[in-house]
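Here is a short report on one chain.

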Amino acid sequence: MASLTCTASDLVPLLSSSSSTNATALASFLCTRFSTISDQLSDATHAIDNTYLLFSAYLVFAMQLGFAMLCAGSVRAKNTMNIMLTNVLDAAAGALSYYLFGFAFAFGSPSNGFIGRHFFGLKTYPSPSGDYSFFLYQWAFAIAAAGITSGSIAERTQFVAYLIYSSFLTGFVYPIVSHWFWSGDGWASATGSENLLFGSGVIDFAGSGVVHMVGGIAGLWGALIEGPRLGRFDRAGRSVALRGHSASLVVLGTFLLWFGWYGFNPGSFLTIAKGYGGGGGYYGQWSAIGRTAVTTTMAGCTAALTTLFSKRLLVGHWNVIDVCNGLLGGFAAITSGCSVVEPWAAIICGFVAAWVLIGFNILASKLKYDDPLEAAQLHGGCGAWGLLFTGLFATEAYVNEVYPGRPGRPYGLFMGGGGKLLGAQLIQILVIAGWVTATMGPLFYVLHKMKLLRISENDETAGMDLTRHGGFAYAYHDEEDLSLTPGFMMTKIEPTNGSPSEGQTSPSNV
């Protein structure tokens, strides 16, 4: 790149004569300097945008730690190592499958409307369409979908089944869905240049459908085919609570997921250094990113409070686990429309999401469906509500900001935009449900028939940590720690003036 220097002494020799030759030289000199400035500003913009996207990818990846803590706290102690290992494998196996196949199927442009066909193993990538930061960000999304599924089938699934379904989900099932709705070539994408579905395309900005419904419905089929955990329902068919062993881990995981969601939703803009309108003002894409963070927060917090008071009325106590799940349900719902709705509408989204989750949990209990983390109800049910919510409340101004270049694009029904967008959102729900059912359902069924899906009753009773992973996650007894001996743990030491009276035993003699 040319050195960016320009002083008066550079221009004086050129201005000393009015000849056309010197005028041409002056113009060439100034244009060279302006080109240099433009190049440096372009480089700075790319650097800022890539740094923003990388930071967002790190936040989304940190959600894996949140999933791990949430899952660990929601299962019984005897299965803690197993569920933690599956979360590690979701990231590790998902990285290889997404690198080899998934990213190409999702974003391998140019392609047709149904599947990508370039960038296998990141060949010929980066390209003008994206850089490595974009791959990393999309991989973090893919493994989030796999993490959702692992919660539904926790405490009873063979380890090899996790490896198979996780690789298949992140390498094929999820990428096809993301191609349809997020790639510029996708048949239902809102970012396409022509032939948009209902003149709008589907607005699923950060993945209420693409991520949450895919993971939730996959988990639904896995849990249905496996059946409930031993003891989850008694002989009379009544529900028996198999409570997780650590509310502390559940709360920790929830806060980590909350933190990561600020990369999940605002990060889906992919860039930040972009002005709106004529530019030069205080309002730009950075403002839309801030608004998206606000709507995300409002929906989650409203859902948490709604769940808190609703469950208090329904069951008679304040339950932190229910509040955490309600919070996450609000986040899953707002993920679709977070960038195109007003903050007040996000409050409505969160309120309804809480009742969607409560309703699906009641239905699951009646149908004897067992999901240790309520993943299918939370991500599948609340994700579907989020898509409908977007079709109802998306505003015209924000839709045109986030999806520019197509005046007259449909927007929310309740905001005066007609029903076309809502129709597109309904189609997305049906298509995702059908696709995941047609792919993950048969996979789980084949694993079940091959006896590769569910562990034996003896292993399930003893716990997978002991039978499959070499021991428990927690050290319940430590023979070398004298402070754990019965004498130290159970003896009450009383102050005395002399030796112990008859019939008493001193602590040192226990």
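## Cysteines

The whole structure holds zero disulfides, a disulfide being a pair of cysteine sulfur atoms within 2.5 Å. Cys338 is in no disulfide, and its nearest cysteine sulfur, that of Cys349, lies 9.7 Å away. Cys338 is buried, with a relative accessible area of 0%. Cys71 is buried as well, at 2% relative accessibility. Buried means under 20% relative accessible area, exposed means over 50%, and partly exposed falls in between, using a 1.4 Å probe and protein chains only.

## Basis of the model

This is a predicted model, in which local features need pLDDT of at least 70, side-chain atom pairs count only at pLDDT 80 or more, and totals for chains, interfaces and linings use all residues. Residues are numbered from 1 along each chain as its sequence is written, and side-chain values use heavy atoms, with hydrogens and water left out.

## Overall fold

The chain has 16 helices and zero strands. Both are DSSP runs numbered from the N terminus: helices are H or I with at least four residues, strands are E with at least two. The chain has 510 residues, and 51% of them count as buried.

How much of the contact set comes from residues 24 or more positions apart? Among contacts with a separation of 6 or more, such pairs account for 73%. Contact here means heavy atoms within 4.5 Å.

## Nonpolar core

The largest nonpolar core has 116 residues. Such a core is a set of buried Ala, Val, Leu, Ile, Met, Phe, Trp, Tyr and Cys residues joined through side-chain atoms within 4.5 Å. Tyr174 and Val211 have the most contacts inside this core. Helix H4 (residues 132-152) gives the most to it, with 12 residues.

Which residues does Val211 touch, leaving aside neighbours within four places in sequence? They are Phe141, Ala144, Ala145, Ile148, Tyr174, Trp182, Ala206 and Phe264. Phe141 is in helix H4. Phe141 is buried, at 1% relative accessibility. With neighbours within four places set aside, Phe141 contacts Val60, Tyr174, Trp182, Ala206, Val211, Phe264 and Ser268. Phe141 and Ala206 are 65 residues apart along the chain, yet their C-alpha atoms are separated by 9.3 Å.

## Helices H7 and H8

Two packed helices are described by the angle between their axes and the distance between the axes. The axes of H7 (residues 247-264) and H8 (residues 285-315) come within 10 Å and cross at roughly 145°. Axes are lines fitted to C-alpha atoms, for helices over the stretch in contact, and angles run from 0 to 180 degrees between N-to-C directions.

H7 brings Trp258, Trp261 and Tyr262 to the contact, and H8 brings Ala293, Thr296, Thr297 and Cys301. These residues divide into five nonpolar, two polar and no charged. Nonpolar covers Ala, Val, Leu, Ile, Met, Phe, Trp, Tyr, Cys and Pro; charged covers Asp, Glu, Lys and Arg; the others, Gly among them, are polar.

## Loop between H3 and H4

Pro110 sits in the loop between helix H3 (80-107) and H4. A cis peptide bond joins Ser109 and Pro110, with omega about 0°. Pro126 is also in the loop between H3 and H4. A cis bond joins Tyr125 and Pro126, with omega about 10°.

Leu122 lies in the loop between H3 and H4. Leu122 is not a glycine, but its phi is positive, about 60°. Leu122 is buried, at 13% relative accessibility.

## Other sites

Leu270 is in the loop between H7 and H8. Phi of Leu270 is near 75°, a positive value in a residue other than glycine. Leu270 is partly exposed, at 27% relative accessibility.

Val240 lies in the loop between helix H6 (208-226) and H7. Val240 is partly exposed, with a relative accessible area of 30%. Apart from neighbours within four places in sequence, Val240 contacts Gly231, Arg232, Phe233 and Asp234.

Gly434 is in helix H13 (residues 420-449). Gly434 is partly exposed, with a relative accessible area of 37%. Gly434 and Ile217 are 217 residues apart in sequence and 9.6 Å apart in space, C-alpha to C-alpha.
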